Amino acid sequence: MSPLSAIPAYASNLAAQIERLPGKSVSEIPSAMPNVAPVGGDSFSSLLGKMVSEVNAQQQIAGQNISALQSGQNVPLHQAVISMEEASVSFQFMVEVRNKLLESYQEIMRMQV
Amino acid sequence: MIQILTGIQNTSAALDAEQTRLDVISQNIANAHTMHDVDGQPYQRRVVVFENALKAAMEGGNSTMLPSQVARIERDTRAPMKIYNPGNPEADASGMVSVPNINIHEEMADMMSASRTFDANLAVVKNARSMAMQTLSMGRH
């Protein structure tokens with residue numbers, strides 16, 4: 001069980017809660033921003049979930065490479081280190097996206113009505 | 001798969017290739033005095049031939065990214081060196097012994113070149129990472 005594997009469920013739960021906020025749901029807001037059809041027919045929460053599972057996959061690849069290297073299999077050292085770097089950068093990317101998302105959510109919650 | 005550090009596959013392939021080159025150099029140095037190779041002759045120096053993965057890239061449809069890779073390991077066909085050593089059991093009638101065509105200085109120079117190329121590729125990885133992290137910090141304020 002990877003520590004990240006619970007996050008897609010968390011992300012879609014968060015998005016569902018945002019949808020349930022009092023007032024009109026995001027999909028009901030009239031055409032102030034027209035043509036914001038979901039990319040490829042995917043909802044935002046499933047896009048977010050996809051991104052998180054991609055990051056999770058990167059982490060798993062890095063983990064496999066490291067354990068293969070440590071158990072004496074023929075994995076080059078640089079390949080293991082590069083996959084670690086990739087995993088680290090994509091994790092950082094995910095954290096930045098999450099920070100931005102929460103920031104905009106809090107900005108909306110602070111809005112005067 | 002997220003392509004977050006683009007071009008890193010090329011670098012990884014180049015690191016692989018340089019690693020192989022270093023392995024071959026170590027083999028050459030280790031066998032500098034090997035009198036009988038697999039064919040019974042004095043050991044012949046091995047050289048690595050690099051090529052880029054043009055063919056594979058053309059088949060894959062992306063001919064702009066050309067990672068380097070080791071094509072084959074060949075023998076250096078220079079004749080074995082002859083040294084005068086009549087006491088050696090391998091010496092011929094005139095006291096000359098055929099020893100491998102390995103010049104240790106040449107191998108050291110090759111090793112330096114391999115090591116510096118490896119360093120350069122590692123610097124690429126480092127830079128790609130720092131570029132990505134700087135780009136990510138753009139969103140912060």
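A salt bridge here is a side-chain nitrogen of Lys or Arg within 4 Å of a carboxyl oxygen of Asp or Glu.

First, some ground rules. This is a predicted model, where local features need pLDDT of at least 70 and side-chain atom pairs count only at pLDDT 80 or more, while totals for chains, interfaces and linings use all residues. Residues are numbered from 1 along each chain as its sequence is written, chains are lettered from A and ligands numbered from 1 in the order in which they are written, and side-chain values use heavy atoms, leaving out hydrogens and water.

So, how many salt bridges are there between chain A and chain B? The count is 1. B:Arg129 pairs with A:Glu85, with their closest N and O atoms 2.0 Å apart.

Now the wider interface. Contact, meaning heavy atoms within 4.5 Å, takes in 19 residues from chain A and 18 residues from chain B. About 1700 Å² is buried between the chains, 66% of it from carbon and sulfur atoms; that is accessible area (1.4 Å probe) lost on putting the two together, summed over both. A:His78, A:Ile82 and A:Val89 supply 32% of what chain A buries against chain B, more than any other three residues.

Finally, B:Leu5. Leaving aside neighbours within four places in sequence, B:Leu5 is in contact with residues of both chains, including A:Glu85, A:Val89, B:Ala128 and B:Arg129.
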